[in-house]
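Hello,

Here is the structure I promised to pass on. My notes on what turned up in it follow below.

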Amino acid sequence: MRLLTLRTPTGNRAVRQDGDTLTEIDGFADVGALLKDSAWESIAAAANGATHPAEGADLEAVVPSPGKIICVGHNYRNHIKEMGRDVPEFPTLFAKYQESLIGPNDDLALPQESDAVDWEAELAVVIGKKGRRISEADAADHIAGYAVLNDVSMRDYQFRTIQWLQGKTWEKSTPFGPALVTKDEFTAGPLMTSAVDGEIQQSTPTGDLVFTPEFLVSYISTIITLNPGDVIATGTPGGVGHAQDPKRYLQEGQVLVTTIEGLGQLKNRVIKEA
């Protein structure tokens with residue numbers, strides 16, 4: 001299944017996509033709220049609410065208010081190499097907050113305070129079942145599905161200190177969506193790309209991770225309970241603007257497109273923050 005969060009004149013709605021049609025899942029304002037019901041999968045499959053055309057739909061971040069957004073740095077060897085780092089023994093973890101999320105087609109605002117805004121295409125894992133100290137063998141049972149995310153990074157703020165958070169969770173900076181594709185319809189491996197004004201910047205199979213989604217679910221749940229709707233952003237591959245010579249950053253008027261085969265596409269126009 002493909003599950004999305006649709007903006008409507010009367011509020012957000014969780015919907016199921018079937019081809020060109022979006023069907024409301026009655027009683028659930030968004031996909032995050034749906035996942036909190038242990039029967040979410042059967043509820044979504046049986047939904048027969050009001051319908052909307054998929055074309056031109058105004059989509060919210062697929063999970064607008066996750067309890068946790070846990071991000072992984074240095075998880076693709078080609079990105080580790082371009083940043084001059086060693087392959088890590090353990091995952092490098094940092095956090096984002098829900099205020100950083102925007103919809104898959106929303107404008108991406110360049111903050112007034114940063115002139116080094118960079119792209120980072122990522123595969124996002126969405127949790128569907130609560131767990132603590134989940135074994136790697138059982139981790140797939142706790143994954144609801146996958147989505148596309150771009151960990152847009154303010155590099156000048158990120159590298160002010162050895163802690164990255166201040167460059168990673170700027171308000172309204174992280175496009176996320178367009179859909180949660182359930183795990184029965186997607187396995188890590190297909191190509192992930194980012195493009196700026198049609199020029200490919202990143203292009204790497206999602207299966208080239210150092211740490212797999214299942215390992216990350218197990219590792220992170222050792223530290224803290226994972227709840228339905230929590231998001232794990234699994235890291236970006238090589239091709240970021242900061243590693244290029246000369247360095248390249250997003251500019252007003254550009255269009256950033258992030259795509260993962262089988263999951264969908266984010267398309268965000270770059271504007272200056274008002």
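A word on terms before the strands: two strands pair if DSSP finds at least two bridges between them, and helices (H or I, at least four residues) and strands (E, at least two) are DSSP runs numbered from the N terminus. Please keep in mind that this is a predicted model, where local features need pLDDT of at least 70, side-chain atom pairs count only at pLDDT 80 or more, and totals for chains, interfaces and linings use all residues. Residues are numbered from 1 along each chain as its sequence is written, and side-chain values use heavy atoms, with hydrogens and water left out.

Let me start with strand β5 (residues 69–73). β5 pairs with strand β6 (residues 92–96) in the antiparallel sense, over five bridges, and in this pairing Gly-73 stands opposite Thr-92. β5 also runs parallel to β16, joined by three bridges, with Ile-70 opposite Ile-232. Five of the five residues of β5 are buried (under 20% relative accessible area, with exposed over 50% and partly exposed in between; 1.4 Å probe, protein chains only). In a regular strand, side chains alternate between the two faces of the sheet. Here Ile-69, Cys-71 and Gly-73 point one way and Ile-70 and Val-72 the other, all of them buried.

Strand β10 (residues 121–127) also pairs with β16 (residues 231–233), this time in the antiparallel sense and over three bridges; Val-126 stands opposite Val-231 there. With strand β11 (residues 143–150), β10 forms seven antiparallel bridges, and Glu-122 faces Leu-149. Why is β10 largely enclosed by the rest of the structure? Because seven of its seven residues are buried. Both faces are covered, with Ala-121, Leu-123, Val-125 and Ile-127 on one side and Glu-122, Ala-124 and Val-126 on the other.

What about the inside? The structure holds one cavity of 30 Å³ or more; a cavity is a set of points, on a 1 Å grid over the protein atoms alone, where a 1.4 Å probe fits but cannot get out, and lining residues have an atom within 4 Å of a point. Grid points are joined across faces, edges and corners, and the volume is the space filled by probe spheres set on them. The largest cavity has about 100 Å³ of space. Of its 17 lining residues, the closest to the centre are His-74, His-79, Glu-120, Trp-164 and Lys-168. β5 and α4 (155–158) are the elements that give two or more residues to this lining.

Finally, Ile-223, found in helix α5 (residues 213–223), counts as exposed because its relative accessibility is 53%.

Best wishes

Terms used: 1 Å grid on protein atoms, 1.4 Å probe; cavity = no way out; pocket = protein on both sides within 12 Å on 5 of 7 lines; lining within 4 Å.
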